[in-house]
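Visitor: I would like to learn how to read the features of a model like this one. Could you take me through it step by step?
Guide: Gladly; let us look at it together.

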Amino acid sequence: MVGNEEKQMSHQVSICNVVKRFGDFTAVDGVSLEIKEGEFFTLLGPSGCGKTTLLRAIAGFNQINEGEIRFSDRVINQIPAHKRDIGMVFQNYAIFPHLTVRENVAYGLKAKKYPRKEIDAKVTQALEMVQIAALKDRKPSELSGGQQQRVALARAFIIEPGVLLMDEPLSNLDAKLRVQMRSVIKKLQRRLGITTIYVTHDQEEALAISDRIAVMKAGHIMQVGAPEEVYRHPQNRFVSGFIGTTNFIESAAETNGGGIALLKMEDYTVRARVKRPVSGKALVSARPEQLFFGEEGIAGRISLSTFLGDFVEYEVQTDDGQTLLLNEYTKDVSGVRPDGERCHVRFDADSIAVIDPETEEVVSAFGI
Amino acid sequence: MHQKANRDVWSVMKVVTLIFVGLSILYPLSTVVIRSVTTSDGNATLQNFIKFFSKEYYLDVLNNTMFVAGVTTLLSVVLGVAMAYALTRYDFRLKRVLNVCIILSLMSPPFIGAYSWILLFGRSGFVTTKALEWFGWVFPTIYGKWGIVSVFVCKMFPYVYLFTSGALGSIDSSLEEAAENLGSTKGYRLFHITLPLVSPSILAGAVMVFMSAVSDFGTPMLIGENYKVLATLVYEQYMSEMGTSSNFASAVSMIVIVLCILLLLLQRWYLNRRNYCMTSLRPPQPQKLRFGKKLLMLVPILLVVVIALLPQIVVIVTSFKNCNGPYFVAGWSLESYQTIFTRMVRGIKNTYFFSVIALAVMIVVGSVTAYLSVRKRSLLTAAIDMSLMVPYVIPGAVMGLALIIAFNRSPFYLAGTAFIMILCYTVRKIPYTVRSASGFLQQMELSVEEASINLGVSPAKTFFKITLPLMLPGVVSGAILSWIETINELSSSILLYTGKTITMSVAIYNEVARNSFGTAAAMATILTISAIIMLVVFNRVSKGKVSIV
């Protein structure tokens, strides 16, 4: 598994213009992605966005209608699912209920006709890696959700697949276990270096676990990038709203020749650098931690303050009727502002995203 | 090339089952269809149908059939579901024994079963006369429609019971816990969560009951008296047309076939609307009851089981009685057994030989078609599945006749061979295996199979390593039903048998016809005991991991 043998190379996965239709419904609509060898890549999106369909197409459970899927330059469209050299972790774990933990994990190796001794050694090692060695003779019905998850995980990676697929593997676990398993999965993936494609609708999970994320919506890719990139520099309104929490603030906009947009929100005016001119109206997407209180800014009143330990979350009702969320770190200030206090909310124009409401695209230059 | 071959395993299976179904079911049946719309000279005519629908006598027969089958189904569902719920959800120590008893009551051997009822409750029956003698009670007559219904319900409610208890045992307990958690009362939960979830299985059982009630002719023959149903009509018409071309019998059979196919379509439509996927990783635990409550539940359960078992008890008891021709006389002996083991060994041997071969074919073909119809759902697989059900719903005499006509001409000359008997048993009894197996498959999540394929095991091997073991409880329980029904099969055997291929059920019929009740009871006892032994062996093998059904 690790180190003691010559490890099989993990695959690079290329997805080119893949289209998958179910009758009249196009679930995946011309998606192209390049997933690097050893990368932890996440398909993130709301339910029905086509992420699971795409994953199942890679696994070979769906035949795609158009396009090409390649593993390290080998087109796999026509290769049946059982010959694709893929490990998969299913949302409901899909543990074989009639086999013990050990038999479940050994299943793939037995199919590949490994010698018995080697299977035993590998299974023991795999079970230790996911910390369920003590449960090896149990039946799945005697396991908790988290333990079943670990079996599913061990069963998938023990065959040393070229690609590991995970379909919402944590969605059936409780929050604490989810966070715990998240790091188990991430460490395991790093250690094994298997190219991993992970599907989730949970943006926080995606940010925490991935090397790169593809945000999907209605069968299309909205943005691909590292977690920090999609969080800090969203490319469109959907991504800025879907990843993390954000405030959309309406403003009047005017762009001058030098690529500077003048954004007016009531009495507050900022200058933001943009890569494309925007005129008329613009939408400012500013995260709670990007907003701060100042002497001047968007005028309003604090409607609710929530002390959360390391920061205080303020809900601000602006004079023109918008509701904004603002986070202030406890260590930066001396006390909590009372509800009802008048305030002015500001932001740093270079860190926020400016959205053209016509195209819904982010036009900010983001420090370029 | 190799990859392609692997992916096409199921396409090949489709073709194989299609050929099987075509040759052994559709082709013989087409002969019945053709006969029904022709005169005995072979000219096309609708006269047979016109005759049926224009005479009140025949329409009454149709009405009677619907009434008897409908009421039987309704009562069987109520009784079967209630028993299944009580026995799966509450902890009774007697559970296993009761289970076996209920299954046993399914097997009242033909003729003898109904005959036992007459012995007990008939005009000069044991219970009827004693009730009058000792308590002055006048027992209601068991002749006529209500007699048929009560005999049917006692014999057939186990279908609903078996299907339902199988499904109840494999619901994931979290579903009911969820309902409980949402604040629903026990009763509300039962009717809005539990029963709807197992409704496909209840329906499967109900369909079995309805069809058995439509095609059984032994019971209405014996206790229906003037109350005629379609099955007895077909049989009588066939017997009276013997030697001619049985065109009218074919037409009546067509009406039964159409009726039952409509019912099957209804079930299919319902299943398509409700296709639940459940992986039961946590089956429900039986609840412990306090002594008083337990007793309160146990009494009606025991009563039902004992009544359902009465025919068997009567048969076993009378098999040890001394006989003088048709009369049972005082004293006990093994005389009847001595007679059958010296004079009728062939029938006993044949019964086991034929049924075991048929069983092997049914298990293989049944598993494959169940898989095809659930996992590879298409018009073709639905049609195959549907066609497999047809021979079961047709009165056995008609299926037998169809096989004789179809396979006693060039290029086949199979009439009178063991092959045609085995073929007939296979096609007639396979639905038990198919239904039960596909019921299990429907409750199994697809991702378990996908996980195996994903781990590098081809779809064909996955079927053997994962799917088959997981659906095995369904296959085995269905196969047990198939086997029991096979050794008891009379209506088709009686047409197909010759001296060489006689079976026990035919021999029983002949003995009853000859008023030799002692030997008939002895043979019926052997049938019952073989089934009991089978069930015990099954219990051993499954080590309690698989419920009896």
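Visitor: How many residue pairs are in polar contact between chain B and chain A?
Guide: A polar contact is a pair of N or O atoms within 3.5 Å; within protein, one must be able to donate a hydrogen and the other to accept it, and residues adjacent in sequence count only if both atoms are side-chain atoms. Between chain B and chain A there are seven such residue pairs, both residues at pLDDT 80 or more. On chain B, helix H1 (2-7), helix H20 (446-454) and helix H21 (459-488) each supply at least two residues of the side that touches chain A. Helices here are DSSP runs (H or I, at least four residues) and strands are too (E, at least two), numbered from the N terminus. That side of chain B divides into ten nonpolar, nine polar and six charged residues. Ala, Val, Leu, Ile, Met, Phe, Trp, Tyr, Cys and Pro count as nonpolar, Asp, Glu, Lys and Arg as charged, and the others, Gly among them, as polar.

Visitor: Before we go on, what should I know about the model and its numbering?
Guide: This is a predicted model, in which local features need pLDDT of at least 70 and side-chain atom pairs count only at pLDDT 80 or more, while totals for chains, interfaces and linings use all residues. Residues are numbered from 1 along each chain as its sequence is written, chains are lettered from A and ligands numbered from 1 in the order in which they are written, and side-chain values use heavy atoms, with hydrogens and water left out.

Visitor: What area do chain B and chain A bury between them?
Guide: The size of an interface is often given as the accessible area lost when the parts come together. Buried area is that loss with a 1.4 Å probe, summed over both parts. Here chain B and chain A bury about 2400 Å², 59% of it on carbon and sulfur atoms. In terms of contact (heavy atoms within 4.5 Å), 25 residues of chain B meet 29 residues of chain A.

Visitor: Which residues form a salt bridge between chain B and chain A?
Guide: Side chains of opposite charge can pair when their charged atoms come close. A salt bridge is a side-chain nitrogen of Lys or Arg within 4 Å of a carboxyl oxygen of Asp or Glu. Between these chains the count is one: Glu450(B) with Arg56(A), the closest N and O atoms being 2.5 Å apart. The pair runs from helix H1 (residues 51-59) of chain A to helix H20 of chain B.

Visitor: Are Arg56(A) and Glu450(B) buried or exposed?
Guide: Both are buried; buried means under 20% relative accessible area, exposed over 50%, and partly exposed in between (1.4 Å probe, protein chains only).

Visitor: Which residues are linked in a network of salt bridges?
Guide: Arg428(B), Lys429(B), Glu485(B) and Glu489(B) are. Within it, Lys429(B) and Glu489(B) meet at 2.9 Å, N to O. Lys429(B) sits in helix H19 and Glu489(B) in the loop between H21 and H22, 60 residues apart. Lys429(B) and Glu489(B) are buried.

Notes: Buried area is the accessible area (1.4 Å probe) that two parts lose on being put together, summed over both.
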